[in-house]
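Subject: Structure for your review

Dear colleague,

Please find below the structure I am handing over to you.

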Amino acid sequence: MHPHALLVPRGPAPTRPTGPLRIAYVGFPVAHKGWPIFRELALRFESDARYAFLHLGAQAEPGLPVAFHPVRVDGAHPRAMINALEAHAVDVV
């Protein structure tokens, strides 16, 4: 058995880059994980420069004003999603 997470000190958080609030949906786009709410927010605020919407996962949902970035977590890359969240400077998930 492996724990879901291990909390370790990493020091202060990096300085937030300027620009819009970066809101990400992580994982497969399904209802029980909140996809319909994320989709509605992305459509409602697509022309609002205060927000940028990202989808980090294995399968894109076409036709949305959302920047898709492929991420696949597996045995060889167990930290892939964590690395993607940091690389894309995500503010809110």
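In this predicted model, aspartate 48 and arginine 50 form a salt bridge, with their closest N and O atoms 2.7 Å apart. Aspartate 48 is buried, at a relative accessible area of 19%, whereas arginine 50 is exposed at 51%.

The count of salt bridges comes to 3. Another of them joins the side chains of glutamate 40 and arginine 44, at 2.5 Å from N to O. These two residues lie 4 residues apart in helix H1 (residues 35–44), so about one helical turn separates them. Glutamate 40 is partly exposed, with a relative accessible area of 44%, and arginine 44 counts as exposed at 53%.

Glutamate 86 also takes part in a salt bridge, its partner being arginine 10, with 2.7 Å between the closest N and O atoms. This pair links distant parts of the chain, 76 residues apart: glutamate 86 belongs to helix H2 (residues 80–87), and arginine 10 to the segment before strand S1 (21–26). Glutamate 86 is partly exposed at 40% relative accessible area; arginine 10 is exposed at 60%.

Glutamate 86 is among the residues nearest the centre of the largest pocket, together with Ala13, Pro14, Ala89 and Val90. That pocket holds about 260 Å³ of space, and its 13 lining residues comprise 7 nonpolar, 2 polar and 4 charged ones.

Yours sincerely

Note on methods. Residues are numbered from 1 along each chain as its sequence is written. This is a predicted model: local features need pLDDT of at least 70, side-chain atom pairs count only at pLDDT 80 or more; totals for chains, interfaces and linings use all residues. Side-chain values use heavy atoms; hydrogens and water are left out. On a 1 Å grid over the protein atoms alone, a cavity is a set of points where a 1.4 Å probe fits but cannot get out, and a pocket is an open set with protein on both sides within 12 Å along at least five of seven lines; lining residues have an atom within 4 Å of a point. Grid points are joined across faces, edges and corners, and a volume is the space filled by probe spheres set on the points. Ala, Val, Leu, Ile, Met, Phe, Trp, Tyr, Cys and Pro count as nonpolar, Asp, Glu, Lys and Arg as charged, and the others, Gly among them, as polar. A salt bridge is a side-chain nitrogen of Lys or Arg within 4 Å of a carboxyl oxygen of Asp or Glu. Buried means under 20% relative accessible area, exposed over 50%, partly exposed in between (1.4 Å probe, protein chains only).
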